[in-house]
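Keep the sequence and the 3D view side by side as you read.

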Amino acid sequence: MSQKIRVVIAKPGLDGHDRGAKVIARALRDAGMEVIYTGLRQTPEMIVSAALQEDADVIGLSILSGAHMHICPRVMELLKEKGLDDVQVVIGGIIPDVDLPKLNGMGIRGIFIPGTPMQHIIDYITANARARV
Amino acid sequence: MKTVADSALTGKQRWERDVLEPALRKSPEREGPFTTISGRAIDRLYTADDVAGLRDAGNPGEFPYVRGIHPTGYRGKLWTMRQFAGFGTPEETNQRYLDLIAAGGTGLSVAFDLPTLMGRDPDHELCLGEVGKCGVSVMSLADMERLFAGISLADITTSMTINSPAPMIFAMYLVVAEQQGADWKTISGTIQNDILKEFIAQKEYIFPPRASMRLITDIFAFCAEEVPKWNTISVSGYHIREAGSTALQELAFTLRDGLEYVQYGVDAGLDVDDFVPRMSFFFNSHSDFFEEIAKYRAARQLWAEAMKHRFGAKNPRSWQLRFHTQTAGVSLTAQQPYNNVVRTALQALAAVLGGTNSLHTNSLDEALALPTRETATIALRTQQIIAHESGVTHAVDPLGGSYFIERLTQDMIDGTLKYWATIDGMGGMVEAIERGYPQKEIAEASYQFQQAVERKEKVIVGVNEFVQADEKPIEILYIDDTASSVQLQRLAELKQSRDNDRVRRTLEALKAVASGDGNTMVPLLECVRAYATVGEMCDALREVWGEYEEVPVI
């Protein structure tokens, strides 16, 4: 059985700016993780169901449109409903400082704004993804 | 003393031997790499040797227009200072426009929110949290009336960044103009209306490529008759560059997109000289100063030659490439945001030295949020300082004849022709996109750039070098959900108050034309007059044509 960390990278909402999502997907793959990229225009339901089907350890959400305070709570709620509480959710994109405490409160601690080194994201995921048996 | 060997050397080779090599032995150069932001190697010195054999760049106002389309450059008319803005409700954005006009802005540029750009009404499930966030929400003619309240469409030019729903939004603008009593024959402005770069880069597509191309040629034909001064398309490299392409890829793919539109127009039975003069372009201005200037100069020559020789255009206006420029959003950093003012000023200067016809300068806080009123003003002031204080506007194409610039310009031209040959070999740009060719090229370039940043081969001040630990956060524009609730309520009220039978009839008429081969602008104007929503009009066409889904390329 593969011990690789499994990551679902998703683009929720209507935004199509996928440069960041694709660069991160490739960087995580090059770092030895198993990466599933959902493509564009995913609802929280679609993302959580992809995580379930793919047995993901980590969900990476790329959000640049300002919709994170709507999308993140819904994803966290659905994960809880499906019993996937131990799936680590990280987000990347344009996230104002004022939203950080609220996102932390939901259990999202890996929040990466523009300019974050890729190695930093790889290290964070490696340290925080649930242990694979 | 001159030896035999000396006479066999060029001036540059002799200099390298006699002057450079001893100097390098004493003090070597920095490690480099000395490459542009696009990864192109740059020589240490350009001399007459580097331009030997190149054709003379000619003069401004003359074919092939390398040095500009106007004989007087900016001495006649400065570029249009067109600041892109939009957020929240139509009323909030209307206020920002009135502010920009009062501050000396000379054209409007509308940013729509994602639901509008994607042809969805705010009550669709994918619009969760998106209404009024990245731009202004425009659902129906009623919102367009609010957006331009107190602004005379006869007296201002408006650029609208809208692509898949361009025909619907344009129809709304035309109806507002009609209500104000403005003449369609004299109003002017631009719709972006460039779907190919959406498939390639920004991904705001709705319908499949061929149906999308038909909407565009319908607009070409409609405007040639009805709105002759309107710029029917702004073929855009901006988004291609933001998605991570090199400068050369931006140039080559954008102009090749332009050729594709011309070909589709010709295939639809239009005369080149009837619609090409109303085509315009939109480029990025990134941080690599000289590479950008060369790109704009090359663009003019490539377009002029392609129109004249490939399409047999006879009207000089068809040969003249006009373009808008926006400084590179992707170059802005969330870290030490005030540094972005300097980046933007340099990028704006490159666009001006390249002869841009209009310009948007980004605000310092745009890696964090939409700009505040204050930062948007500094961005406009940056253009005004270049225009009125720097003196760069006095002489036309002031860098023309520089060995370096002319060499770079020629290399941009040669590289573009190579890309065109590849794309022509695939059958055209639509076919290349269907194969994922430009998408793959861009994804690869963007990954290579990111790797270079990680290795610090490319320095980004404040991000991978000169990092500051104790940064104080700046105040940003925070857009709450008020706009969303206002727009949702308005949508419900609209559906109560309008004549819904009329809406149904006009939508049916739209579907009938879309299934046949009439011009879709005609039934769309009727839908708009009946206050059909953007979502309803797009849904009607989704029923006829289906929706496009891409296979993602990583």
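## The nonpolar core

The largest nonpolar core holds 185 residues, and A:Ile59, B:Ala299 and B:Met537 touch the most other members. This is a predicted model. Take A:Ile59 and look at its surroundings. Leaving aside residues up to four places away in sequence, A:Ile59 touches A:Val8, A:Ala10, A:Ile47, A:Ala51, A:Val87 and A:Val89.

## The two chains

| Chain | Helices and strands | C-alpha span along principal axes | Buried residues |
|---|---|---|---|
| Chain A | five helices, five strands | about 40 × 35 × 25 Å | 47% of 133 residues |

Chain A has five helices and five strands. Along the sequence they follow the pattern β-α-β-α-β-α-β-α-β-α. The radius of gyration of chain A is 13 Å, close to the 14 Å that the globule rule gives for 133 residues, so chain A is as compact as a globular protein of that length.

Now turn to chain B. A compact globule of 554 residues would have a radius of gyration near 24 Å, and chain B has 25 Å, which agrees.

In chain B, 77% of them do.

## Strands in chain A

Start with strand S1 (residues 6-10) of chain A. S1(A) runs parallel to S2(A), and four bridges join them. A:Val7 stands opposite A:Val35 in S2(A). Between these strands, look for helix H1 (residues 19-30) of chain A: S1(A), H1(A) and S2(A) make a right-handed β-α-β unit.

Which residues of S2(A) lie on its covered face, and which on its uncovered one? In a regular strand the side chains alternate between the two faces of the sheet. Strand S2 (residues 34-37) of chain A has A:Val35 and A:Tyr37 on the covered face. A:Glu34 and A:Ile36 are on the uncovered face.

## Strands in chain B

Strand S2 (residues 107-111) of chain B is mostly covered, with five of its five residues buried. Both of its faces are covered. One side has B:Gly107, B:Ser109 and B:Ala111, and the other has B:Leu108 and B:Val110.

S2(B) pairs with two strands named here. Strand S1 (residues 80-85) of chain B pairs with S2(B) in the parallel sense over four bridges. Strand S3 (residues 158-161) of chain B also pairs with S2(B) in the parallel sense, over four bridges. Follow B:Leu108 to see both pairings. B:Gln83 stands opposite B:Leu108, and in S3(B) the bridge partner of B:Leu108 is B:Thr158. With helix H4 (residues 90-102) of chain B, strands S1(B) and S2(B) make a right-handed β-α-β unit.

## Where the chains meet

How many residues does each chain bring to the contact? Chain B brings 34 residues and chain A brings 32 residues. On the side of chain B that touches chain A, helix H5 (114-117) and helix H19 (437-454) each supply at least two residues. H19(B) gives the most, with five residues. By type, the residues on this side of chain B divide into 21 nonpolar, seven polar and six charged.

Notes
Residues are numbered from 1 along each chain as its sequence is written. Chains are lettered from A and ligands numbered from 1 in the order in which they are written. This is a predicted model: local features need pLDDT of at least 70, side-chain atom pairs count only at pLDDT 80 or more; totals for chains, interfaces and linings use all residues. The radius of gyration is taken over C-alpha atoms; the globule rule is 2.2 Å times the number of residues to the power 0.38. Two residues are in contact if their C-beta atoms, placed from the backbone, lie within 7 Å. A residue is buried if 20 or more other C-beta atoms lie within 10 Å of its own, exposed if 12 or fewer, and partly exposed in between; C-beta atoms are placed from the backbone. Ala, Val, Leu, Ile, Met, Phe, Trp, Tyr, Cys and Pro count as nonpolar, Asp, Glu, Lys and Arg as charged, and the others, Gly among them, as polar. Two strands pair if DSSP finds at least two bridges between them. A crossover is right-handed if, with the strands pointing away from the viewer, the path from the first strand over the helix to the second runs clockwise. A nonpolar core is a set of buried Ala, Val, Leu, Ile, Met, Phe, Trp, Tyr and Cys residues joined through C-beta atoms within 7 Å.
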